[in-house]
Amino acid sequence: MKVSVIFPTKNREHHVKRAVRTAFKAKGVEEVIVVDGGSRDRTLEIAEREGAKVIVQSDLVYPGKGVAMRDGAYLARGDVLVYLDIDIRNMTPEFIEKLAEPVIRGEADFVKGCFERAAGRVTELVAKPLLRMFYPELARFKQPLSCEIAGRRSLFYMVEFERGWGVDVGLLIDFHKLGAKMVERDIGYKDHDMKPLHALTDMAYEVAGAILRRAIRDQKTDPEWAERYLRGVRAIDLGLQSGRGFA
Amino acid sequence: MFPPEDVILRILIAAAVLILSYFLGGYVKSRLERVLSKFGAGFARKTSDLVRYFILFVGIAAMVSILSLDIMAISVIIVAILILLLVSMRDIVLNLAAELYLATRKPFKENDWIKVGEIEGSVKSIGGMDTEIITYDGDLVVIPNSYFLRHPIINKSQSLARYVELKLSFPKMKLDKLEQAVTEVLEEIKPELFGDPELLSMSEKDQMVEAHVSLPIVNVRKLRWLTARMAKGFLTRGIEVEIE
Amino acid sequence: MRVLLIGGGHSAYFAANSIRGIDPNGKLIIIEFTSEKVEVLSKTFPFAEVVQQEIDGVESYIRSNASILDAVIAATESDSLNLRYCKTARENAVPLIIAILNNPMNEGIFAKEGVRHVINPYGIIPVELSEILGSATNIIYKTPSGSVMVASLRIEGEGELRKIRGKLRGSEDVSALLVSSSGEIKSSIEEADARGRLYLMGSEEKLRKILGSFRGRRR
């Protein structure tokens, strides 16, 4: 089975060379795709020089991670897709292999990566409670918002990509709805740049929106109640003025 | 004969010259390849390779000279190598010149419709050594680039459509009835064409009726499919036809 | 002409209507991915054949129909898919391949893959803005074949007018029209006022040289 590694990115010229080279070293990796969100630095140029396929995401929206992930899936030709953050400083080929192997061996259709650190505030305060409410079968995932994932390419074409931060939890729910075999794999310690604090409010709202839209779609809740809840989430103070920000 | 220590010294110098020419060739090649890359990667690589071999050749000549081989022997070796190089690289040199010509003059691009010598068709790809052309019949013709140096190139790409003339031969029948059938069949295939098809002429010849039609088509490979559709159109009207 | 249009969004809507206007008798096939959209498109474009295909199935469709397709227009909502389909069409020697971009930043990537006709729907924004804001030079239009160009040039003073007269003298492949500051249209540069906007039409190579000599003088 051929593996395509996809890096959604923007302005990451200092990370791209190492990430692409590492990805090409992993077992089964046939192509590396860098989907750019409109970088103003040399990210694309370096990626191309290192042999990655490059494309700029179709919509330059913020937050546009979901659009980038969708465009990556659409450009890929491998049987298995692996998504990773490009700024993981301790990335090794094993990271990719750990994610791809359960799919290659036929043990899973979708793999969610988790790593050694406490789950962040958006995960604990927004994602997990809502998942327990509407999709209790997914509550076993320690880090439902982790963006290190792998899955069969054909299945990625059957799900809906949220445009922004809600994409990871959206994919988790949609793969579950498709009846895909899903597992969580510990990929070890992940050393990367944290999201800035102000991004967490947007993120919380996007994540809640993604879960609630699916709950409405799957007839698990009343649309009016969901709308009220979303308004409430927008007003939640996640204590962003102090402390460190984790997703 | 030279004293033994002189021989060793000469061998050492000769070896040094050879090694130097080898590395100098490599260095000049990489610099030249970078400078010439604007004319295309293939051209840059091949030209810089030629220059590298030339430097190496000069190195070998110098080495032979340092070793003080007999002047006649040296001349014979050099002339033989030169002849061998010229004969074996004649096609490469010609193709290289053609590649430079195609890269600088750009007489056509991919997908252009060109006529060169007896060959006419759509350019599928332009490579370092050859160019692929798809003809009216849908055949893929690979032309060595040196061919373009020896034949005038006519680029006919200003219009999307190519006007293809077909000869239709029918058994003898009433001309007005046949004309109507031809018009109807042409009307049927019109959605596949780029403009209106035209009945150019229709005349009786021996026991046959011969008609000439002109079809404006974009995809030349479509011609076979179109003629089959036309033949089917005539057959459903009870008319046999031969299309050329 | 048999045209395959891939996509059912905004770009595809305008493309389908344009094709209908250019080649009313032609055969237009539209490919969409979802059955709901196929149904809607069939009603919107009754003159076209609307086909449902999976994302991966489009390439097989192009491959098996390449010998009878005259043009492929990739106008999906993802430039990744557009790139994939254009590449397949190119590899299978479809004569005319056109991509309608979602993000103009992908223009160079498509060109590198050998897609000759790339439509950038946002390309008009800088052109219109330059005209409205009266920039010194502006390329208004360039034909897709790249041989003809229309451009405008702001003329401010007798010196500039003399300079452009000199450049245009003997250039039969460039025609000029001057709109004076009072809005009067002069068809000959010889009778033009010293201030106004000069519109030039002619060979791209020549016009670029003329614009180049005026660029950088002012905003």
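Just after H6(C) comes C:Gly134, whose phi is positive, at about 65°. Please keep in mind as you look around that this is a predicted model.

## Where chain C meets chain A

How many residues of chain C are in contact with chain A? There are 13, and they touch 13 residues of chain A. On the chain C side, helix H4 (residues 79-91) gives the most, with five residues. That side of chain C is made up of five nonpolar, five polar and three charged residues.

## The build of chain A

Of its 247 residues, 52% count as buried. Which separations in sequence do the contacts of chain A span? Counting contacts between residues at least 6 apart in sequence, 75% join residues at least 24 apart.

The average pLDDT of chain A is 87, and 89% of the residues score at least 70. Which elements of chain A sit at the two ends of the confidence scale? Strand S4 of chain A (residues 80-83) has the highest mean pLDDT, 97, while helix H9 of chain A (residues 223-235) has the lowest, 75.

One stretch of chain A deserves a separate mention. Over residues 238-247 of chain A, pLDDT stays under 50, and the model has 25 contacts beyond four places in sequence for this stretch.

## The domains of chain B

Chain B is divided into domain 1 (4-105), domain 2 (113-155) and domain 3 (162-243). The C-alpha centres of domain 2 of chain B and domain 3 of chain B are 29 Å apart.

What joins these two domains of chain B? Six residues of domain 2 of chain B are in contact with six residues of domain 3 of chain B. On the domain 2 side of this meeting point, the residues divide into three nonpolar, three polar and no charged.

Conventions:
Residues are numbered from 1 along each chain as its sequence is written. Chains are lettered from A and ligands numbered from 1 in the order in which they are written. This is a predicted model: local features need pLDDT of at least 70, side-chain atom pairs count only at pLDDT 80 or more; totals for chains, interfaces and linings use all residues. A residue is buried if 20 or more other C-beta atoms lie within 10 Å of its own, exposed if 12 or fewer, and partly exposed in between; C-beta atoms are placed from the backbone. Two residues are in contact if their C-beta atoms, placed from the backbone, lie within 7 Å. Helices (H or I, at least four residues) and strands (E, at least two) are DSSP runs, numbered from the N terminus. Ala, Val, Leu, Ile, Met, Phe, Trp, Tyr, Cys and Pro count as nonpolar, Asp, Glu, Lys and Arg as charged, and the others, Gly among them, as polar. pLDDT is the predictor's confidence in each residue, from 0 to 100. Domain bounds come from an automatic or database domain assignment.
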